[in-house]
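Here is a walk through a predicted model. Keep the structure open and follow the contacts as they come up.

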There are 2 protein chains.
Amino acid sequence: MDRAGFATELWEGNGHPVLFAERRASTPQARTVLIYGHYDVQPVDPLELWESPPFEPTVRNGEVFARGAQDNKGQCFYSVAAVSAIVAMSQEIPLNIKFVVEGEEECGSANLHKLVQTYADRLRADYVLAVDLGYHSKLKPGVTLGTRGIGTFTVKFRGATSDLHSGTHGGVVINPNHALVKVLSSLRDDDGTINVPGFYDGISPLPDDVHERLNFEFDAAAFASETGAKPLGGERRFSPVERAWTRPTLEINGIGGGYTGEGFKTVIPAVATAKLSCRLVADQDPIRVVRLVKEEIVRRAPEGIDVIFPESDQAGHPVQCNPRSWAVRATHRAYEEVLGREVGYIMVGGSIPILAELTQVSGGELAMVGLGLGSDNMHAPNEHFGLDRFRQGFLIVGRIIELLAKSQA
Amino acid sequence: MDRAGFATELWEGNGHPVLFAERRASTPQARTVLIYGHYDVQPVDPLELWESPPFEPTVRNGEVFARGAQDNKGQCFYSVAAVSAIVAMSQEIPLNIKFVVEGEEECGSANLHKLVQTYADRLRADYVLAVDLGYHSKLKPGVTLGTRGIGTFTVKFRGATSDLHSGTHGGVVINPNHALVKVLSSLRDDDGTINVPGFYDGISPLPDDVHERLNFEFDAAAFASETGAKPLGGERRFSPVERAWTRPTLEINGIGGGYTGEGFKTVIPAVATAKLSCRLVADQDPIRVVRLVKEEIVRRAPEGIDVIFPESDQAGHPVQCNPRSWAVRATHRAYEEVLGREVGYIMVGGSIPILAELTQVSGGELAMVGLGLGSDNMHAPNEHFGLDRFRQGFLIVGRIIELLAKSQA
């Protein structure tokens, strides 16, 4: 970025530092684009399921296999490459370009959360490009119009002060594993409805101009080949795509208590742990929702169990783009030109925790960019990203910059 | 044992070998005692909770801290030491002494299960001493009259072929963690009753001559200081001691699915796992009970979840001693003489999987011996056994041998 004429700096804070880079146009009336990405990745375990080491990128069948290949190092890479190429080709771009690349997207963006307030002036922009998204499918690509929000927390159920023998104490002490499965099970009804009072508050239908652009058709064959699973999770009364884009969730992302290794250990664990996340939509407030779920867990935990919330929570608001904005229209046009086919609109079930706040602080129009596919094993073993998509991403980001540098069409 | 004049041999099989040792009396009409113990131990994790390394015995406050200090290497040690001492003191004991020390007590005794049939003739005995028990408390010691049986199994719930992103797929795919907590939760009612049809078949009250010797008083203070927990597990309509000694259980000894490490991983795991055990009483058949629970889990698993039972089960029948037998009376007398106080009778909630079969094959009277305490952290971090109890065990086993060598009183 130095070579491309950017002034770079690291914003330190209490966590992983944030890379901020800026290149000012010589025309004083130039507009500003702020490009967002992140350099942190998800944990790699279970490591034994990786076919090549997660931090040694390996190309197989035209795909780069590595943790972060898609999410989000790969997409950062083509964004920086595109901007560098434009700078190399034409020293004079009538657009101020800023990058903000954080290191805590996967764990709630706590550091950037504080830094956006400290550096609010530096983050002012007319357009925000969040290059951390997907495009649905190669045959039916789409530009993303919204993400779900997220709230996460960890809960521990403690019974005894130490693990106990399940012969001596079985049937006498309360087993935290049983208490935990009972309480977690009660949080969702059999039809998938989340059984926490107030959980659904703040949900409203999509705006008409978003809804009319979206295609809610479910590609059962693609889903089956991607996941090997049946689309039977969540709220039964909504279709799979409605559930992924427009409905909240409560998921047990991790549960653990006692011995689950090879063989058997006849133990009653002192502690059982669960990690839960809620995906949120519309005006659901992640901090409020996490508080409601926690309160309900405490209320339903049986006598004899201490309920502990040992880690700090993560929270990010849902985000929706304005499909009539120049940022989104330029993005859509760039996709159609580069991909050479009709491009629709999509939403995604995932979350970018800082995006709502970053957009608000910048004062700009948000557009979402990216070429991820559901089959990329993002967050899972054997994450990968195609060489074809590195090229497409490079061209799309370049074309968006060109369009944003022009007056609006 | 060689030095004490025993002929020793290893019985190989498909698992850990069994040590068999035999010392014949010169008098042909001598009776035979068979002493049972085991050299295998429970897994040591969570390793970080041990205050000294589990396989480096360390003495603190008069207690030996090590995995197996009590269960069962420590108790094997004083048994062998006692017999060796008797042999050293008097070359002529009118009793044939056999030891059978196995290596799979903690995982179901599969190898010995087969070997008891192969070596049935060698295992013939008039008395069987199972030196793998406890004595309740130092102030109110008791001789054990029965153990619960056990059946264990592992179950896996599989959804997708690989871990999935809980943003992209949350609310769409079925989450194996949710399916597992729902099914496991359903196996026990709120009052602790196990909700599996047929589970309670075969349960009958204790025989009168056992029941009348037992004291079902619950020592709440000892329980609290030992466990730090409340006695609120199991079936509510029975008292804590009744539950531990005379009622069956269904415990989740381990549960695991997804990410439970530090931080957060927004994953929907492909697989969730649970390890379950049932403690059984009276004439409950462990193989039948495990089959019933498994069938119920399969029946209740939701569509879209594959239920897999990946490991071999463990099973052991409940055992009850005859309190009027010479084996039990001699044992009780030895306890009172060595401990110098009144000794009662107890039962234990734990299991020794091979004991029912070993007793039956031997044709002998069973007595149970041991000086374990509930506070020994058996099966848990920081297992320990007192130097005072090494001495008591040495004297008790020696005295039982002396008494059994005499005619019955």
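A:Arg389 and A:Glu63 form a salt bridge, with their closest N and O atoms 3.2 Å apart. The pair ties together distant parts of the chain. A:Arg389 sits in helix H10 of chain A, residues 387-405. A:Glu63 belongs to strand E5 of chain A, residues 63-65. Over all chains, a search of the whole structure finds 46 salt bridges.

Now turn to the interface of chain B and chain A. Here the rule finds 6 salt bridges. One example joins the side chains of B:Asp190 and A:Lys182, at 3.7 Å from N to O. That distance falls within the 4 Å cut-off for a salt bridge, so the pair counts as one. Polar contacts also cross between chain B and chain A: the count is 54 residue pairs, with both residues at pLDDT 80 or more.

The area buried between the two chains is about 7,200 Å². Carbon and sulfur atoms give 54% of that area.

Strand E11 of chain A, residues 251-258, pairs with E11(B) in the antiparallel sense. The pairing runs over 5 bridges. Within it, A:Gly257 stands opposite B:Ile255. Strands of a sheet pair through backbone hydrogen bonds, either parallel or antiparallel.

Elsewhere in chain B, look for an open sheet of 3 strands. Their order is E16-E8-E17, and the pairing is mixed. Strand E16 (319-320) and strand E17 (344-348) of chain B are the edge strands, each pairing on one side only. Strand E8 of chain B, residues 142-147, pairs with E17(B) in the parallel sense over 4 bridges. In this pairing, B:Val143 has B:Tyr345 of E17(B) as its bridge partner.

Helix H8 of chain B, residues 326-339, lies across E8 and E17 of chain B. Relative to E8(B), helix H8 of chain B runs at about 145°.

Conventions:
Residues are numbered from 1 along each chain as its sequence is written. Chains are lettered from A and ligands numbered from 1 in the order in which they are written. This is a predicted model: local features need pLDDT of at least 70, side-chain atom pairs count only at pLDDT 80 or more; totals for chains, interfaces and linings use all residues. Side-chain values use heavy atoms; hydrogens and water are left out. Two strands pair if DSSP finds at least two bridges between them. Helices (H or I, at least four residues) and strands (E, at least two) are DSSP runs, numbered from the N terminus. Contact means heavy atoms within 4.5 Å. Axes are lines fitted to C-alpha atoms, for helices over the stretch in contact, and angles run from 0 to 180 degrees between N-to-C directions. Buried area is the accessible area (1.4 Å probe) that two parts lose on being put together, summed over both. A polar contact is a pair of N or O atoms within 3.5 Å; within protein, one must be able to donate a hydrogen and the other to accept it, and residues adjacent in sequence count only if both atoms are side-chain atoms.
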